[in-house]
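Dear colleague,

Here is the structure I promised to pass on to you. Please keep it open while you read, as my notes follow directly below it.

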Amino acid sequence: MDTLPKFIGTLTAVRTGKVEPFVRGVSAIHKIAIDGSMKVNLLGLEDDEQAEHKFHGGPLKAVHQMPITTYDAINQAFGLNAYIGSLGENLTVITDDEPMDEKTVCIGDIYQFGDGDDCVQLRVVQPRRPCYKINDRLNNAGVSSFISRQGIAGWYYQVVKTGMMQANLPVYLIARPFEFANLQTLWQLVNQKGKIDAQIANRWLAIDCLESSWKQKISNKIFSP
């Protein structure tokens, strides 16, 4: 494992949204890049809103990041021209080397955005589950299920340290307690048709910060001889 802290890339956009009428009902999926800086508290960006609190928001879904590679996959598969930032994510990070995506991000990772006393630290606690609003946003009924099958919906952060966030901050990986637990592997486990070996499942169930509904999905698939 690389020595930590490790420079990852640059935070190129910070976005927030307001609840507004949508194709079906209301939504805050339309996130707009902010000018200047914004406070991040334990529930996320201070001015960000969520329409359905049963499914969005809260301390374990405080901030959402979507990889830029997801847009490449969507556009290629469906012949679309979806632009980065159009699917409800708060953060976009551009890297110089390998992309920050489900192959390279692990449950439990803590990323630091910025330097100094007002830096923000966020912990990865669960992937995002895409819903029908992505389909409505792109006017295509197949995108949400495609993203789910591919496991490329991004991830949610829990706020570890509050502070200020703005575009062009450096991003560092400062902790990786579960090097095996990348998001791609988690999606493969919960989506596989067969059972999960108990030894493998128990490694994931021992991750204290993994959100409970994902642990339940793993528990439900444990192989019992």
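In which sense do strand β9 (residues 110-113) and β13 pair, and over how many bridges? The model is a predicted one, and in it β9 and β13 pair in the antiparallel sense, over 4 bridges, with Q112 standing opposite Y172 in β13. Strand β13 (residues 169-175) also pairs with strand β1 (residues 6-17), again in the antiparallel sense, here over 5 bridges, and in this pairing T10 is the residue that stands opposite P170.

Turning to the nonpolar cores, the largest has 42 residues, of which I107, Y111, F113, Y157 and M165 touch the most other members. Helix α4 (residues 183-191) contributes the largest share of this core, namely 5 residues. If you select F113 and leave aside its neighbours within four places in sequence, you will find contacts with several residues, including L11, L91, V93, Y157, M165 and P170. There is also a second, separate core of 14 residues, and F22, L138, V143 and F146 are among them.

Lastly, the helices: two packed helices are described by the angle between their axes and the distance between the axes. For helix α1 (residues 68-78) and helix α3 (residues 143-150), the axes come within 11 Å and cross at roughly 125°, and α1 and α3 are therefore oblique to each other. Their crossing is right-handed, and where the two helices meet, A73, I74, A77 and F78 come from α1, while V143, F146 and I147 come from α3.

With best wishes

Key:
Residues numbered from 1 in each chain as written. Predicted model: local features only at pLDDT ≥ 70, side-chain atom pairs only at ≥ 80, totals over all residues. Heavy atoms only, no water. Core = buried A, V, L, I, M, F, W, Y, C linked by side-chain atoms within 4.5 Å. Buried < 20%, exposed > 50% of the residue type's maximum accessible area, 1.4 Å probe, protein only. Contact = heavy atoms within 4.5 Å. Pairing = 2+ DSSP bridges. Axes fitted to C-alpha atoms, helices over the stretch in contact; angles between N-to-C directions. Parallel < 35°, antiparallel > 145°, perpendicular 65-115°, else oblique. Left-handed = near helix turned anticlockwise from the far one by under 90°.
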